[in-house]
Amino acid sequence: MPEVFRAFPPPRRAWLAAAMALLAACASTGSDGPPAGSPPVNLDRIADARPRVEPLHPGANNPYTVQGKRYVPQRSLQPYRARGIASWYGRKFHGKRTSSGERYNMYAMTAAHTVLPIPSYARVTHLGNGRSVVVRINDRGPFHPDRIIDLSYAAAHKLGIVGAGSARVEVETIFPGKMAASE
């Protein structure tokens, strides 16, 4: 246990340890890689998420605060388009619960976003190479000031950002039955 924790009473120590774990997770650039063993043979053949009508999660779309910043998720499907940095998360979170309560599968076409509804769908386009994928938003994050979306390993692979860990992207909501929110 780090020395700084000893200055706090035991209940606060647990809270601080949880907060530090969250901060460490938020700082990930995606460099934790695939789980031990080999990834699926043809990651490029993993199909994009297929937008479908789903009820919004009753709890995952409530306002929340992380690192002193308040986030107010959209509580309905609305047009959204933004550019910024995408990162990805891998084996460190593989099999753990997402904000939606689902288990994170780094080989599924999913992503984490701070305010898009859970679940919802987005097209993510790598602005450097023009590749794009469709992902299902099922988690919250990234909580890093310069990032707008955390992609699954599979989505990052298909966009060509696994090695770099991050890339400049455009994120646009997709409604079931339409290609993009702007249509």
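## Salt bridges

A salt bridge is a side-chain nitrogen of Lys or Arg within 4 Å of a carboxyl oxygen of Asp or Glu. Side chains of opposite charge can pair when their charged atoms come close. This is a predicted model, in which local features need pLDDT of at least 70 and side-chain atom pairs count only at pLDDT 80 or more, while totals for chains, interfaces and linings use all residues. Residues are numbered from 1 along each chain as its sequence is written, and side-chain values use heavy atoms, with hydrogens and water left out.

The whole structure holds seven salt bridges. In one of them, Lys 158 pairs with Asp 48, and the closest N and O atoms are 2.9 Å apart. This pair links distant parts of the chain, 110 residues apart: Lys 158 is in helix α2 (residues 153-159) and Asp 48 is in the loop between α1 and β1 (64-66). Helices (H or I, at least four residues) and strands (E, at least two) are DSSP runs, numbered from the N terminus. Lys 158 is buried, at 16% relative accessible area, whereas Asp 48 is partly exposed, at 26%. Here buried means under 20% relative accessible area, exposed means over 50%, and partly exposed lies in between (1.4 Å probe, protein chains only).

## A network of four residues

Arg 52, Glu 54, Glu 102 and Arg 136 are linked in a network of salt bridges. Within it, Glu 54 meets Arg 52 at 3.6 Å, N to O. Glu 54 is buried at 19%, and Arg 52 is partly exposed at 48%.

Glu 102 and Arg 136 also form a salt bridge, at 2.9 Å from N to O. Glu 102 lies in the loop between β3 and β4 (110-112) and Arg 136 in strand β6 (residues 132-139), so the pair ties together parts that are 34 residues apart in sequence. Glu 102 is partly exposed, with a relative accessible area of 29%; Arg 136 is buried, at 13%.

## Strand pairing

Two strands pair if DSSP finds at least two bridges between them. Strand β3 (residues 81-89) runs antiparallel to strand β8 (residues 166-174), with seven bridges joining them. Gly 84 stands opposite Val 169 of β8. Strand β7 (residues 147-152) is parallel to β3, and five bridges join the two. Tyr 89 has Ser 152 in β7 as its bridge partner.

## Confidence

The predictor's confidence in each residue is its pLDDT, from 0 to 100. The protein chain has a mean pLDDT of 82, and 74% of its residues reach 70 or more. Confidence is lowest in helix α1 (residues 10-26), with a mean of 43, and highest in strand β5 (residues 120-126), at 98.
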